[in-house]
Amino acid sequence: SRPARGSSGKMAGPVSRGSRGPEPGAAPYGNFPNYSRFHPPEGRVSLLPQGLLSSLFPAATRPLLGLDVGCNSGELSVALYQHLLGLQDSDSSPEPPGAGRELKLLCCDIDPELIRRAQQSSPFPASISFASLDIMDSRAREPFLSSYLERFGRSSFDIGFCMSVTMWIHLNHGDRGLLEFLALLASLCTFLLVEPQPWKCYRAAARRLRRLGRDDFEHFRSLRINGDMAESVTRILTQECAMELVCSFGSTSWDRSLLLFKSTSARPEGSD
């Protein structure tokens with residue numbers, strides 16, 4: 001089936017907060033307040049080769065634009081930025097000169113509290129922008145992303161990051177929502193780095209909700225896209241979204257694949 005248009009609902013939503021903060025696991029949209037503590041950024045960035053950006057964009061003559069969807073409180077976004085630009089040895093390294101080595105990274109998450117934390121702690125505010133955005137709300141998404149791209153005279157991003165987000169889109173928006181989301185990312189990005197959660201994580205998320213006495217995910221029992229999710233995401237992007245799999249960088253210690261795709265219909269960097 002083709003991706004639906006104008007899907008409503010939330011990619012993620014603010015968690016309830018009491019005097020002791022949100023209860024662990026009470027994040028049905030993946031907006032865990034201390035996510036990086038149990039999935040540290042180093043587990044992902046260590047799988048990515050040094051010099052990845054220069055190998056993907058050898059002729060870059062201007063800042064590269066990146067989009068990180070579902071950035072949580074920004075720890076992984078900052079780690080990706082540092083790793084891609086060779087700054088990971090120091091949090092306070094000066095931002096690199098020269099357009100070919102520059103990256104402007106737009107990071108979004110629906111939880112405004114997580115975004116506030118990201119903005120307050122970012123060591124690279126001139127290069128990394130954090131914004132609260134429901135990526136599945138087209139009325140909010142389209143003017144926001146267009147406005148950001150127009151600042152650079154661009155119509156798309158050079159590289160996108162979707163790190164452990166696909167499951168939350170899938171559980172909250174169903175098969176049709178996952179197809180729409182992947183088609184959107186493919187249309188926005190020349191390269192796309194995806195870390196899909198495996199199916200066992202879906203079952204664990206459903207169990208967490210049940211243990212808390214919450215309603216089950218609306219779509220969980222009706223998902224027809226299931227099983228090997230890395231394979232399913234690869235199939236959708238390559239067969240339905242005009243992308244090709246460039247590389248699999250292996251799996252993290254918690255069994256999540258890092259998959260890099262490239263648009264087969266994209267114009268070369270620099271012609272946009």
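**Entry 1: the sheet.** Before tracing the sheet I settled one term: two strands pair if DSSP finds at least two bridges between them. I also noted that this is a predicted model. With that in hand, I found seven strands in an open sheet, ordered β3-β2-β1-β4-β5-β7-β6, with mixed pairing. β3 and β6 are the edge strands, and each of them pairs on one side only. From one strand to the next, the twist averages 15 degrees.

I then looked inside the sheet at β1 and β4, which pair in the parallel sense over three bridges. Glycine 66 has isoleucine 159 in β4 as its bridge partner.

**Entry 2: the chain as a whole.** I counted nine helices and seven strands in the secondary structure of the protein chain. The protein chain has 272 residues, and 54% of them count as buried. I looked up contacts too: among those between residues at least 6 apart in sequence, 74% join residues at least 24 apart. The chain exposes about 12200 Å², with carbon and sulfur atoms supplying 48% of that area.

**Entry 3: helices across the strands.** Which strands does helix α5 lie across? I found α5 (residues 112-121) across β2 and β3, running at about 160 degrees to β3. Helix α6 (residues 138-151) lies across β1, β2, β3 and β4, and its angle to β2 is about 170 degrees.

**Entry 4: helix α4.** How many residues of α4 are buried? I get nine of the 10 residues in this helix, which spans 75-84. Among the buried ones are Leu76, Val78, Leu80, Tyr81 and His83. I checked what covers them, and the list includes the helices α2 (42-45) and α3 (52-56) as well as the strands β1 (64-69), β2 (103-109), β3 (128-132) and β4. Just after α4, glycine 86 takes a positive phi of about 70 degrees.

**Entry 5: nonpolar cores.** The largest nonpolar core holds 48 residues, of which Ile135, Phe157, Leu171, Phe181 and Leu237 touch the most other members. Helix α7 gives the largest share of this core, with 12 residues. A second, separate core has 33 residues, including Ala60, Leu80, Met163 and Leu193. Leu80 also turned up among the buried residues of α4.

I stayed with phenylalanine 157 for a moment. Leaving out residues up to four places away in sequence, I find that phenylalanine 157 touches Leu65, Gly66, Leu67, Leu106, Leu145, Tyr148, Leu149, Leu188, Cys189 and Thr190.

Entry 6: Most residues other than glycine have a negative phi, so I went looking for exceptions. Serine 164 has a positive phi of about 55 degrees although it is not a glycine. Serine 164 sits in the loop between β4 (157-163) and α7 (166-188). Is serine 164 buried or exposed? Serine 164 counts as buried because its relative accessibility is 6%, and the cut-off for buried is under 20%.

Alanine 242 also has a positive phi, near 55 degrees. Its place is the loop between α9 (229-240) and β6 (243-251). Alanine 242 has a relative accessible area of 32%, so I logged this residue as partly exposed.

Definitions and conventions:
Residues are numbered from 1 along each chain as its sequence is written. This is a predicted model: local features need pLDDT of at least 70, side-chain atom pairs count only at pLDDT 80 or more; totals for chains, interfaces and linings use all residues. Side-chain values use heavy atoms; hydrogens and water are left out. Helices (H or I, at least four residues) and strands (E, at least two) are DSSP runs, numbered from the N terminus. Buried means under 20% relative accessible area, exposed over 50%, partly exposed in between (1.4 Å probe, protein chains only). Contact means heavy atoms within 4.5 Å. Accessible areas come from the Shrake-Rupley method with a 1.4 Å probe; for residues, only the protein chains shown count as cover. Axes are lines fitted to C-alpha atoms, for helices over the stretch in contact, and angles run from 0 to 180 degrees between N-to-C directions. A nonpolar core is a set of buried Ala, Val, Leu, Ile, Met, Phe, Trp, Tyr and Cys residues joined through side-chain atoms within 4.5 Å.
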